[in-house]
Amino acid sequence: MEQHPEHVTLTVDGPEGPRRVTARYVLGCDGGNSFVRSALGVGTQDYGFSEPWMVCDFRFRRPTPVPYALQLGDPQGPTSIISLGPAHHRFSFMLDSADAFATERDAERVWKRVVSYLTPGDADLIRVATYTFRSLIADDWRRGRVLLAGDAAHQMPPFLGQGMCSGFRDAQNLAFKLDLVLRGAADEGLLDTYQSEREPHVRAVTEKGIELGHLQTLRDPDKAAERDRRLLARRAEAGAPEAIRLPGLDHGLFARTSATGRGRLSVQGVVDDGTRRDRLDQGERTTGDPGALFVHDVDGTYRDWFTDLSCSAVVVRPDFYVFGTASTPDAAVALAGELLGTLRKEAALPRG
């Protein structure tokens, strides 16, 4: 990988041998062992959470009632169960050591572990692998014209189920900013807001995942029993499971005024344009002209959201985070002007 003032050149292996690829920007989405991160010489911060687990993937032969998502805090063997889609399911088992994998990977032993949920008549065992769950965050997510995303930029334990979700958020954040830069609608300095927005969010999610991981993987039976009593008491007092609330974003492409809702995720409601009923962003994809679309708020999702934010207008970014809110027509025009000015776009804004 070679960086130049106006482009990056990659030399890659292909079916017909090495070849060179040139691009204005390169995204390193190449996993925890990222070549791109190493080539940049970017270091990482290690939170110190490192555990060996065995991951077992199954493909269903027939419909089977397996828990969609379950974190099992059994001190004899912490287990994670998660759906990988309608036809596949994953069981992950904490190992006493990485050396145990050579023995525990045996198919017969795996089936004994899942016998309470699956039999060979229900599914095929298609993959057994070992992973060391880690908690690492790259020091720099951008060096010149090269950026890191997903596991190349951060690795987190899976106890919140947010590893791939965080990669999706990285991609959404980068996609619309790169689009603006490549079209000349924004200066390339906009790309510096990528890490300033995403890193605090990733750190908060990683730290919460580590906290839950320590709770789930208690191996001392007495401590595990005390954990269970404490958590069940909290649930009984609340009357419902505790909600996990992920943080919003800040320190980036947002309105200067810190109005209620800025940096939060927007809502996604059902609307009706008189010809079809669907989620709001589906109408945009169909018409290609969201500015000309008038829609009915079918379930009152947006009415309730605007009431909660005490506003009458919201500017939502392409990655679904709120750029800013306004409570009067003049404030809404000023908010739109601020956004367009930030992106170096000139436009005539209507008044009234």
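## Cysteines

Cys29 is exposed in this predicted model, its relative accessible area being 55%. The closest cysteine sulfur to that of Cys29 belongs to Cys165 and is 16 Å away, which is too far for a bond. A disulfide would require the two sulfur atoms to lie within 2.5 Å, and the structure holds 0 disulfides. Another cysteine, Cys311, counts as buried, with a relative accessibility of 12%.

## An open antiparallel sheet

Five strands are arranged as an open sheet in the order β7-β8-β9-β6-β10, with antiparallel pairing. The edges are taken by β7 (69–72) and β10 (123–133), each of which has a single partner strand, so that one side of each is left without a neighbour in the sheet. On average, and with direction ignored, neighbouring strands of the sheet are turned by 15° against each other. In general, the strands of a sheet pair through backbone hydrogen bonds, in either a parallel or an antiparallel manner.

Within this sheet, strand β8 (residues 79–83) and strand β9 (residues 88–94) run antiparallel and are joined by 5 bridges, and Thr79 stands opposite Phe93 in β9. Helix α3 (residues 107–114) packs on the sheet, where it touches β6 (51–60), β9 and β10, and the direction of α3 makes about 85° with that of β6.

In soluble globular proteins, nonpolar side chains tend to be buried together. The largest nonpolar core here has 37 residues, of which Trp141, Leu148 and Leu180 touch the most other members. Two or more residues each are given to this core by α1 (35–40), β11 (136–138), β13 (146–148), α4 (163–182), α5 (193–216), β18 (313–316) and β19 (322–326), and the largest share, 5 residues, comes from α4.

When its neighbours within four places in sequence are left aside, Trp141 is in contact with Val146, Leu147, Leu148, Ala153, His154, Asp170, Tyr194, Gln195, Arg198, Glu199 and Val202.

## Aromatic pairs

The structure holds 11 aromatic pairs. In one of them, the rings of Phe133 and Phe159 have their centres 6.4 Å apart and their planes at 90°, so the pair is edge-to-face. Because Phe133 lies in strand β10 and Phe159 in the loop between β14 (154–155) and α4, the pair ties together parts that are 26 residues apart in sequence. Phe133 counts as buried at 12% relative accessibility, and Phe159 likewise counts as buried, at 7%.

Elsewhere, a single aromatic cluster is formed by Phe58, Phe91, Phe93, Trp111 and Tyr117.

## Leu309 in helix α8

Leu309 has its place in helix α8 (residues 301–309) and is buried, with a relative accessible area of 3%. Although Leu309 and Ala259 are 50 residues apart in sequence, their C-alpha atoms are 8.6 Å apart in space. Leaving aside neighbours within four places in sequence, the contacts of Leu309 are with Thr260, Gly261, Arg264, Val314 and Thr325.

Conventions: Residues numbered from 1 in each chain as written. Predicted model: local features only at pLDDT ≥ 70, side-chain atom pairs only at ≥ 80, totals over all residues. Heavy atoms only, no water. Pairing = 2+ DSSP bridges. Helix = DSSP H or I, 4+ residues; strand = E, 2+ residues; numbered from the N terminus. Axes fitted to C-alpha atoms, helices over the stretch in contact; angles between N-to-C directions. Contact = heavy atoms within 4.5 Å. Core = buried A, V, L, I, M, F, W, Y, C linked by side-chain atoms within 4.5 Å. Buried < 20%, exposed > 50% of the residue type's maximum accessible area, 1.4 Å probe, protein only. Phe/Tyr/Trp six-rings, centres within 6.5 Å; stacked < 30°, edge-to-face > 60°.
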